[in-house]
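The sequence and structure are shown first.

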Amino acid sequence: MIVGIVGCGAIAHIIAQNIKDENTNIEIKYFYDKDGKRAEELANFVNGIAVSNFEDMLGNVDLVLEAASQSSVRETALKVLNSGTDIITMSVGALMDTELRNELIQSAKDNNAKIYAPSGAITGVDTIKAASIKNISSISLTTRKSPKSLGRDIDKKEVLFEGKASEAVKEFPKNINVAATLSLASGMDIDVKIIVDPEVSRNIHEVVVKGDFGELKTRTMNFPSTANPKTSMLAALSAIKLLRSLDEHFIIGT
């Protein structure tokens, strides 16, 4: 499987580094970034090819991994799917736009392509997907991050946001993709609270789910990426595991 990456930042580096020496049928070969130098550096690292226009990789790859931004999803995803190419979207927040999501799903159907959204920096997604077969009465997400992780210069704990996931992903497009993942997995616009806390050094996500299945409570304490504190290491690892699963014949989980 030949993979192209759109967005050559922290997540892309972690993925490329971990896949490079693995004995699998996965080859990350093409790289695009609006900053051409970043694409060239990452391409050189894995002996790949940097392209000046992401469309130049289409037709040469089996799958495109988007690791750039919500705006990148809007700019590239439809073109990828229209070419009959599968896509992994890291910027899941973009898919909270119902019109865009439906357009992408229709294109995927029309062109026999697939859209993958990794579980990212959150736990319990498989359980929520299963629970959604019956009634889920409520889901809440409380996220705590350091000021550095949220790009804030404050010295005391503060609630920055309290509301629905659809609004959270607009106000914090680089920080709260987990809210979109939980919403899409459950089929509901979940409740979100975002807290900036100078006393925390990890990205903490607490989830409470109630429904016909019972009750689920999870607490994930992620180390941020050293290259980009806005990104949790687990988000990149989830994409690596998803890539591996596409090459596996024994799959655990939904």
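## Asn-112 and the end of helix α4

Asn-112 has a relative accessibility of 68% and therefore counts as exposed, the threshold being over 50%. As with every feature discussed here, this value comes from a predicted model. The residue is located in the loop that connects α4 to β6, just after the helix. Although Asn-112 is not a glycine, its phi is positive, at about 55°.

## Helix α4

Helix α4 comprises residues 98-110, 13 residues in total. At 1.5 Å a residue these should span 18 Å, and the distance of 18 Å between the end C-alpha atoms agrees with that expectation. At the start of the helix, a side-chain oxygen of Asp-97 comes to within 3.1 Å of the backbone nitrogen of Glu-99.

Which residues of α4 are buried? They are Leu-100, Leu-104, Ser-107 and Ala-108. Because these residues cover an arc of only 100° around the axis, they lie on the same side of α4. Their packing partners are α3 and β6. On the other side of the helix, Glu-99, Lys-109 and Asp-110 are exposed.

Helix α2 spans residues 36-45, and its residues Ala-39, Leu-42 and Ala-43 are buried. They cover an arc of only 100° around the axis, so they fall on the same side of α2. The elements covering these buried residues include α1 (10-20), β2 (27-32) and β3. Lys-37 and Asn-44, on the other side of α2, are exposed.

Just after α2 comes Asn-47, which belongs to the loop between α2 and β3. The phi of Asn-47 is near 60°, a positive value in a residue other than glycine. Is Asn-47 buried or exposed? With a relative accessibility of 70%, Asn-47 counts as exposed.

## The parallel sheet

The strands β3-β2-β1-β4-β5-β6, in that order, form an open sheet of six strands with parallel pairing. Its edge strands are β3 (49-50) and β6 (115-116), each of which pairs on one side only. Within the sheet, β1 (residues 2-6) and β4 (residues 63-66) run parallel and are joined by four bridges. Gly-4 has Val-64 of β4 as its bridge partner.

Helix α3 (residues 70-82) packs on this sheet and touches β1, β4, β5 (86-89) and β6. The direction of α3 makes about 160° with that of β5. Helix α9 (residues 233-245) also lies across β1, β4, β5 and β6, and runs at about 170° to β4.

The loop between β5 and α4 contains Ser-91. This residue has a relative accessibility of 7% and so counts as buried, the limit being under 20%. Its side chain makes a polar contact of 2.7 Å with the side chain of Glu-66.

What surrounds Ser-91, leaving aside neighbours within four places in sequence? The residues in contact with Ser-91 are Glu-66, Ala-68, Ser-69, Gln-70, Val-73 and Asn-177. Of the elements already described, β4 covers residues 63-66 and α3 covers residues 70-82.

## Phe-161 in strand β8

Phe-161 is part of strand β8, which spans residues 158-164. At a relative accessibility of 7%, Phe-161 counts as buried. When residues up to four places away in sequence are not counted, Phe-161 touches Glu-167, Ala-168, Glu-171, Phe-172, Val-192, Lys-193 and Ile-194.

Notes
Residues numbered from 1 in each chain as written. Predicted model: local features only at pLDDT ≥ 70, side-chain atom pairs only at ≥ 80, totals over all residues. Heavy atoms only, no water. Pairing = 2+ DSSP bridges. Helix = DSSP H or I, 4+ residues; strand = E, 2+ residues; numbered from the N terminus. Contact = heavy atoms within 4.5 Å. Axes fitted to C-alpha atoms, helices over the stretch in contact; angles between N-to-C directions. Buried < 20%, exposed > 50% of the residue type's maximum accessible area, 1.4 Å probe, protein only. Expected span 1.5 Å × (residues − 1). Arc of directions from axis to C-beta. Polar contact = N/O pair within 3.5 Å; in protein donor to acceptor, adjacent residues only side chain to side chain.
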